[in-house]
Amino acid sequence: MSLMVALSFTISAAPMPADAAGTKAKTYKNCTEINKVYAGGIARSSKVKNKGGKTKYKPFVSQALYDANKKSDRDKDLIACER
């Protein structure tokens with residue numbers, strides 16, 4: 001019985017990802033603002049490739065964050081504000 005209680009407590013105490021919790025992804029004004037927080041920009045998925053050549057930083061991967069800021073993806077390679 002105590003194992004069942006401990007197991008249910010562990011499952012309920014696990015944190016939920018921000019996307020699953022129903023919170024809205026932050027929208028940034030421009031690439032300068034994005035790069036202050038995410039130096040490599042924001043990628044929609046880990047499988048996307050940069051069209052612009054070599055970059056100095058690896059992008060942060062988040063579909064919700066990318067979708068909220070896709071206006072900043074000038075070359076439409078699914079990475080916003082890469083550098």
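Strand β1 (residues 42-43) runs parallel to β2, and two bridges join them. Ala-43 stands opposite Val-61 in β2. In this predicted model, the two strands belong to an open sheet of three strands with the order β2-β1-β3 and mixed pairing. The edge strands are β2 (60-61) and β3, and each of them pairs on one side only.

**The disulfide**

The structure holds one disulfide. It joins Cys-31 to Cys-81, with an S to S distance of 2.0 Å. The pair links distant parts of the chain, 50 residues apart: Cys-31 lies in helix α2 (residues 31-37), while Cys-81 lies in the segment after β3. The angle about the S-S bond is -75°, and the link of Cys-31 and Cys-81 is left-handed.

**Ser-72 and its surroundings**

Ser-72 is placed in the loop between α3 (63-68) and β3 (79-80). Leaving aside residues up to four places away in sequence, Ser-72 touches Asn-30, Cys-31, Ile-34, Ala-80 and Cys-81.

Is Ser-72 buried or exposed? Ser-72 has a relative accessible area of 10%, and buried means under 20%, so Ser-72 counts as buried.

| Residue | Relative accessible area | State |
|---|---|---|
| Ser-72 | 10% | buried |

**The nonpolar core**

Which residues make up the largest nonpolar core? There are nine in all: Tyr-28, Cys-31, Ile-34, Tyr-38, Ile-42, Leu-65, Tyr-66, Ala-80 and Cys-81. The elements that give two or more residues to this core are α2 and α3.

Not counting residues up to four places away in sequence, Tyr-28 touches Glu-33, Ile-34, Val-37, Tyr-38, Leu-65, Asn-69 and Lys-71.

Conventions:
Residues are numbered from 1 along each chain as its sequence is written. This is a predicted model: local features need pLDDT of at least 70, side-chain atom pairs count only at pLDDT 80 or more; totals for chains, interfaces and linings use all residues. Side-chain values use heavy atoms; hydrogens and water are left out. Helices (H or I, at least four residues) and strands (E, at least two) are DSSP runs, numbered from the N terminus. Buried means under 20% relative accessible area, exposed over 50%, partly exposed in between (1.4 Å probe, protein chains only). Contact means heavy atoms within 4.5 Å. A disulfide is a pair of cysteine sulfur atoms within 2.5 Å. A nonpolar core is a set of buried Ala, Val, Leu, Ile, Met, Phe, Trp, Tyr and Cys residues joined through side-chain atoms within 4.5 Å. Two strands pair if DSSP finds at least two bridges between them.
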